[in-house]
Amino acid sequence: MSRPRSSRAALRRRSCWRWAIQSGLALAGVGLMLSSALASEPPPQRQRELTHLVRQECGSCHGMSLQGGLGPALLPADLRDKPADGLAATVYHGRPGTAMPPWQRFLTEAEAAWVVDRLISGFPE
Amino acid sequence: MRILFSVLLVAFLGACAGTPPLRGTGDLALIIERASGHVTLANTSSRQPYARIGGLGDLSHASAVYSRDGRYAYVFGRDGGLTKIDMLAGQVVKRIIQSGNAIGGSISQDGRIVVAQNYKPGGIKAFDAETLELLAEVPAEYAPGQFSKVVGLADSPGNKFVYALFDAGEIWVSDFSDPRRPVTQRFPAGQNPYDGLVTPDGRHFLAGLFGEDGVAMLDLWQPQQGARKILEKYGRGEEKLPVFKMPHLRGWSVAQGKAYLPAIGRHEVLVVDVATWQEVGRIPVRGQPVFVMARPDGRQVWVNFAFPDYGKVDVIDTLKGEVVSQLAPGKGILHMEFTPRGENVWLSARDDHKILIYHTENLTQIGEITADAPSGIFFSSRAQRIGF
């Protein structure tokens with residue numbers, strides 16, 4: 001799991017444990033975990049490609065402004081209370097029996113997680 | 001000489017008053033620029049743009065219909081905007097926000113009622129074509145408290161509108177003989193109709209089904225017989241390919257007694273005999289078809305595709321029953337529109353920010369128009385067609 005959220009949770013557990021032993025090491029650990037969380041962010045050029053994919057291609061069903069169409073709205077208020085992992089799995093594998101197709105040919109699981117993370121926090125233009 | 005003089009005088013006075021020269025509207029085009037909320041107006045004879053209008057809101061999946069004189073275009077935006085545009089003056093006449101989430105519209109046989117179809121709140125709304133005043137609405141409430149998204153809205157003779165309910169699996173026919181008191185009939189159709197069309201003669205309504213194999217068909221001359229399924233055995237038991245964009249039926253094709261329809265979940269065009277409604281062939285193509293459109297004379301059928309194959313266009317020769325040309329016109333080909341007699345076709349290349357104009361006989365590009373992420377192209381010649 002390289003998703004920022006779960007790694008943040010892991011980070012909290014980890015650093016508490018280390019704090020008990022030695023705070024200096026804990027700080028080093030924090031730095032390490034943070035950089036590995038950032039490593040799951042796609043590079044800027046790829047982020048732009050993914051943003052275009054979501055606005056244009058996902059937009060054909062969810063609306064370019066993501067307010068919904070044949071597919072449901074994907075605005076922060078619609079997704080906030082849903083488990084991010086499940087949403088990322090929906091993007092990656094699709095939902096059989098519905099019109100939501102799998103996108104695994106066009107993005108990785110980590111990128112699907114990044115897209116969901118962006119959707120939840122407010123998708124860039 | 002006298003006549004010449006008066007013509008000159010009229011022209012001179014016209015120029016003084018700042019009025020544009022008189023012209024008809026039969027050869028005009030409206031191009032949706034989906035990302036920026038603009039439309040570009042163009043002349044299909046000179047193949048040049050002549051006006052650009054902004055402020056139309058979210059135009060993804062936007063479409064347009066025309067008043068019967070071809071003077072006014074009604075543009076239906078995704079955000080529920082309905083804008084009436086004067087094609088000659090090149091300006092907005094009136095704009096209203098009629099719902100939260102719309103997906104196109106239609107105009108009545110007599111040209112007096114413009115109807116919008118809405119996803120949210122699901123249903124249709126009828127407006128006075130002159131003033132855009134709300135006349136009536138038909139909520140798509142198929143069970144108490146349950147509303148469906150509406151798709152495939154088309155006009156049919158008798159000031160009727162036919163449409164399908166995605167979530168309810170029904171076809172509804174609303175009769176607007178009395179524009180303020182529509183009367184609606186309901187017909188079970190099949191699972192998840194995703195789009196619909198009326199045949200060029202206005203007799204049959206077809207709804208493509210996403211949730212099951214087949215197409216639902218309602219004979220509007222004999223609606224009491226109910227909707228029946230055609231192409232039912234199509235693709236039974238075969239694994240479906242993912243569909244990254246829903247096909248559109250609106251621009252559909254009847255040529256030489258056969259209908260050409262996009263298959264769903266298969267890279268094929270289905271050929272149906274319109275006398276018997278039996279499948280008579282399948283033509284392999286290079287992707288999930290989105291628009292399958294016949295040149296007005298029916299000799300060719302042009303096919304564009306869903307992501308990721310939307311850089312391609314296949315041209316079918318209807319005499320041979322096969323693809324005879326595989327084109328790669330540009331990036332993100334979203335829509336195609338033929339000139340009324342078919343000598344040219346305009347293609348929108350969204351990611352090239354261009355409209356590409358092709359000659360349909362020799363398949364070469366003869367012109368282009370710059371536009372910001374263009375999607376739909378709507379020619380004023382639609383004003384005279386049933387189901388457009």
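Reader: Where in chain B does B:Trp277 lie?

Author: B:Trp277 lies in the loop between β24 (268-273) and β25 (278-284) of chain B, where strands (E, at least two residues) are DSSP runs numbered from the N terminus. The model is predicted, with local features needing pLDDT of at least 70 and side-chain atom pairs counting only at pLDDT 80 or more, while totals for chains, interfaces and linings use all residues. Residues are numbered from 1 along each chain as its sequence is written, and chains are lettered from A in the order in which they are written.

Reader: How should I read the backbone there, and what is the phi of B:Trp277?

Author: Most residues other than glycine have a negative phi. B:Trp277, although not a glycine, has a positive phi of about 60 degrees, and B:Leu132, also not a glycine, has a positive phi of about 65 degrees; the latter residue, B:Leu132, is in the loop between β10 and β11 (134-139) of chain B.

Reader: Is B:Leu132 buried or exposed?

Author: Buried means under 20% relative accessible area, with exposed over 50% and partly exposed in between (1.4 Å probe, protein chains only). B:Leu132 has a relative accessible area of 4% and is therefore buried, and B:Trp277, at 7% relative accessibility, counts as buried.

Reader: Which residues does a cis peptide bond join in chain B?

Author: Most peptide bonds are trans. A cis bond joins B:Phe307 and B:Pro308, with omega about 5 degrees, and B:Pro308 lies in the loop between β27 (300-305) and β28 (313-317). The peptide bond from B:Lys120 to B:Pro121 is cis, with omega near -5 degrees, and B:Pro121 is in the loop between β9 (113-120) and β10 (123-128).

Key. Heavy atoms only, no water. Helix = DSSP H or I, 4+ residues; strand = E, 2+ residues; numbered from the N terminus.
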